[in-house]
Amino acid sequence: MREFITRFPVLTFVLLTLGYQFVVVGVVWNMIPEGQALHDDATAWMIFRFRVFGPLVFAVGLTWYLEGKAGLKHLFASFLRWKVPAKWYLIAFSWKFVFTWIGIGTLAILGIREWPGLVVPDFFTGTHERF
């Protein structure tokens, strides 16, 4: 098995990730009662949302399996080595918020949606139904 993983690490990662995604979707699909949506079952929704962490776990796990502790150090070293000026990090961390607010503003100006305000009340426990 180790020889296969060493020879085909990307294929192994893709197969693990796709397999995991299909299993999560299958489990969630079996949890939801007939005629209900994913958002109606809080447990199923939470399990479905956690599927995004599978690729991260597989990437770290495969790196550790193939290269050990040195591989993990190399993998995470890029977080500490800045290779571009700080303004690019500012852009990288802010572009999503800027484009979101531009999109919300455009929808409000065109009258497609109501302006939600600067802070959405009950943001973390609210529902998507209001927008």
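This is a predicted model: local features need pLDDT of at least 70, side-chain atom pairs count only at pLDDT 80 or more; totals for chains, interfaces and linings use all residues.
Residues are numbered from 1 along each chain as its sequence is written, and side-chain values rest on heavy atoms, with hydrogens and water left out.

The chain contains five helices and zero strands, in the order α-α-α-α-α from the N terminus. Helices (H or I, at least four residues) and strands (E, at least two) are DSSP runs, numbered from the N terminus. Of the 131 residues, 15% are buried; buried denotes under 20% relative accessible area, exposed over 50%, and partly exposed the range in between (1.4 Å probe, protein chains only). The accessible surface of the chain is about 11100 Å², with 71% belonging to carbon and sulfur atoms. Accessible areas were computed by the Shrake-Rupley method with a 1.4 Å probe, and for residues only the protein chains shown count as cover. Among contacts (heavy atoms within 4.5 Å) with a separation of 6 or more, 38% join residues 24 or more positions apart.

Helix H2 (residues 9-31) and H4 have axes that come within 10 Å and cross at roughly 145°. Axes are lines fitted to C-alpha atoms, for helices over the stretch in contact, with angles from 0 to 180 degrees between N-to-C directions. The crossing is right-handed, a crossing being right-handed if the near helix is turned clockwise from the far one by less than a right angle, and left-handed if anticlockwise. On the H2 side, the residues that meet H4 include Thr-12, Phe-13 and Leu-16, and their partners in H4 include Phe-58, Leu-62 and Leu-66.

Thr-12 of helix H2 is buried, with a relative accessible area of 9%. Beyond its neighbours within four places in sequence, Thr-12 contacts Phe-4, Ile-5 and Leu-62. In helix H4, Leu-72 is partly exposed at 21%. Outside four places in sequence, Leu-72 contacts Val-60, Thr-63 and Trp-64. The C-alpha atoms of Leu-72 and Leu-62, ten residues apart along the chain, are separated by 9.7 Å.

A nonpolar surface patch is formed by Val-84, Trp-88, Ile-91, Trp-95, Val-98, Phe-99 and Ile-102, with about 720 Å² of accessible area together. Patches consist of residues with over 30% relative accessible area and no salt bridge, nonpolar side chains (Val, Leu, Ile, Met, Phe, Trp, Tyr) being joined within 5 Å and like charges within 9 Å. A salt bridge places a side-chain nitrogen of Lys or Arg within 4 Å of a carboxyl oxygen of Asp or Glu. Val-84 lies in the loop between helix H4 (54-77) and helix H5 (86-109) and is partly exposed, with a relative accessible area of 41%.
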